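Colleague: I'm new to this one and I'd like to understand the labels on its rings. Can you walk me through them?

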Amino acid sequence: MARFETQVGVVGAGPAGLMLSHLLHLRGIHSIVLEAKSRAYCEERVRAGVLEHTSVQMLNDAGVGERLEREGLRHDGIELGLNGVRHRVPFVELTGKYVTVYGQQEVVKDLIARRLADRGDLRFECGEVSIEGIDSEKPRILVNRDGQTDEIHCDYIAGCDGFHGICRGAFPEGVLSLYERSYPFGWLGILVEAAPSQKELVYMHHPRGFALYSMRSPKITRLYLQCKPDEDIREWSDDRIWTELHTRLNCEDGWRPVEGRILQKGVTGMRSFVVEPLQYGRLFLAGDSAHIVPPTGAKGMNLAMADVHYLSNALGALYVTGDERNLKSYSETCLRRIWKAQRFSWWMTSLLHRFENEPAFDRKRQLAELEYVLSSRAALTSLAENYVGLPLDRQ
Ligand code: FAD
Ligand code: DHB
């Protein structure tokens with residue numbers, strides 16, 4: 001058995017864990033990051049793609065935004081489609097802010113490279129992780145690999161291990177309240193080798209179900225189709241995918257997505273989920289380990305970034321000045337913003353998807369709401385300010 005000491009033990013090397021470790025390093029705080037998967041797996045996993053203005057600022061302020069500024073695609077708005085007609089939501093005009101399209105795996109690559117350049121302690125394929133003593137002064141992370149157990153003694157543990165991680169389960173029974181809602185659909189996503197045929201993302205309402213036109217780079221497009229929650233991807237040939245995409249996305253003005261080689265396909269489930277509180281003893285949850293949003297509002301990775309912004313500031317205040325107040329209010333501070341993002345993600349999802357078997361009244365109401373949003377500068381401004389990212393609360 002080997003014994004290690006660190007100030008903050010971080011479980012998970014997704015955007016939350018890596019960014020936290022980097023932000024702590026900038027404050028002179030030592031951390032060890034434990035990741036179950038390989039570095040290549042983390043760097044290649046295709047997930048979110050839209051960075052809020054707030055997340056971009058955070059990455060720039062932390063000195064890890066150089067490639068993002070060079071390669072990220074600035075989007076000054078999105079388009080909402082209804083009845084084959086696209087309507088622009090001009091973010092910059094409405095809010096003065098924009099979003100940046102830059103793949104989550106690129107953020108992860110940049111953060112890993114920077115942590116390693118700074119001699120950070122990242123342990124990929126670490127083995128099986130468990131945690132102990134979270135209500136003691138010195139919680140421990142146990143890492144079992146090939147029958148050998150390492151003990152990592154920490155001041156604090158950050159559970160950044162995503163929805164399927166182990167940290168949430170380490171809270172004593174009865175401490176957590178769970179708030180959850182599922183949706184009767186999922187998204188079938190494809191990554192395509194084709195130059196985007198449209199400058200901005202298109203969120204399309206269609207009687208057959210929602211479709212989203214997105215992109216990753218000047219050569220790669222990303223498209224999604226609303227599908228059944230348990231859709232079997234093997235039943236979707238490339239031809240079937242393209243036919244459905246054209247049916248839902250083709251517009252009256254002749255715009256249509258350009259086809260290309262499909263590089264990857266997969267189905268993502270949809271769920272809204274929050275646990276409260278985010279802290280027990282010396283264990284703090286951040287990112288997907290504490291909350292999941294349906295992807296329609298593009299909030300998942302951004303919320304993870306906001307959580308670790310608050311957590312690193314709070315730990316910074318504690319180690320530098322001994323002030324515990326922000327750490328004590330971490331959960332409350334994060335949850336205020338998390339619930340606003342939950343509301344927005346639920347709203348965008350409800351506005352744009354087809355709900356099978358819903359009463360005809362609700363279908364009519366949904367169309368009326370969409371028409372109202374598209375006709376009202378006030379409603380569009382509300383959508384825009386949520387999409388580009390609400391300001392981070394002062395701690
Ligand atoms: P994660 O990125 O999940 O990172 C957690 C890390 O912890 C992982 O690397 C995992 O391997 C590791 N881990 C887990 N358990 C253990 C353990 N026991 N020990 C050690 N390590 C562990 N959001 C959007 O906004 N738009 C999208 O289009 C979108 N698409 C998505 C598609 C999929 C398939 C999924 C799953 C999520 C998607 N999301 C999307 C959500 C977004 O990707 C997440 O919100 C974001 O990854 C959260 O970052 P995180 O660091 O909290 O968690
Ligand atoms: C992407 C994903 C989203 O959930 C979204 O709302 C916009 C874009 C994407 O993967 O590109």
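Colleague: What makes you say that the charged end of R74 sits over the ring of Y98?

Modeller: This is a predicted model, and in it the charged end of R74 is 3.9 Å from the centre of the Y98 ring. The cut-off is within 6 Å, plus an angle within 35 degrees of the ring normal, so R74 counts as sitting over Y98. R282 also lies over a ring face, that of Y156, at 4.6 Å from the ring centre.

Colleague: And why is the pair of W187 and Y224 called tilted?

Modeller: Their centres are 4.7 Å apart and their planes make 45°. Pairing needs centres within 6.5 Å, and stacked means under 30 degrees, edge-to-face over 60. W187 is in strand 15 and Y224 in strand 18, 37 residues apart. Both belong to one aromatic cluster, along with F91, Y203, F210 and Y387.

Colleague: Why is the pair of Y213 and W255 called edge-to-face, then?

Modeller: Here the planes are 85° apart, with 5.0 Å centre to centre. That angle is over 60, so edge-to-face it is. Y213 lies in strand 17 and W255 in the loop between helix 7 and strand 19, so the pair ties together parts that are 42 residues apart in sequence.

Colleague: How do you know whether Y213 and W255 are buried or exposed?

Modeller: Buried means under 20% relative accessible area. Y213 has 1% and W255 has 9%, so both are buried.

Note on methods: Residues are numbered from 1 along each chain as its sequence is written. Chains are lettered from A and ligands numbered from 1 in the order in which they are written. This is a predicted model: local features need pLDDT of at least 70, side-chain atom pairs count only at pLDDT 80 or more; totals for chains, interfaces and linings use all residues. Side-chain values use heavy atoms; hydrogens and water are left out. Rings of Phe, Tyr and Trp (its six-membered ring) pair if their centres lie within 6.5 Å; planes under 30 degrees apart count as stacked, over 60 as edge-to-face and the rest as tilted. Helices (H or I, at least four residues) and strands (E, at least two) are DSSP runs, numbered from the N terminus. Buried means under 20% relative accessible area, exposed over 50%, partly exposed in between (1.4 Å probe, protein chains only).
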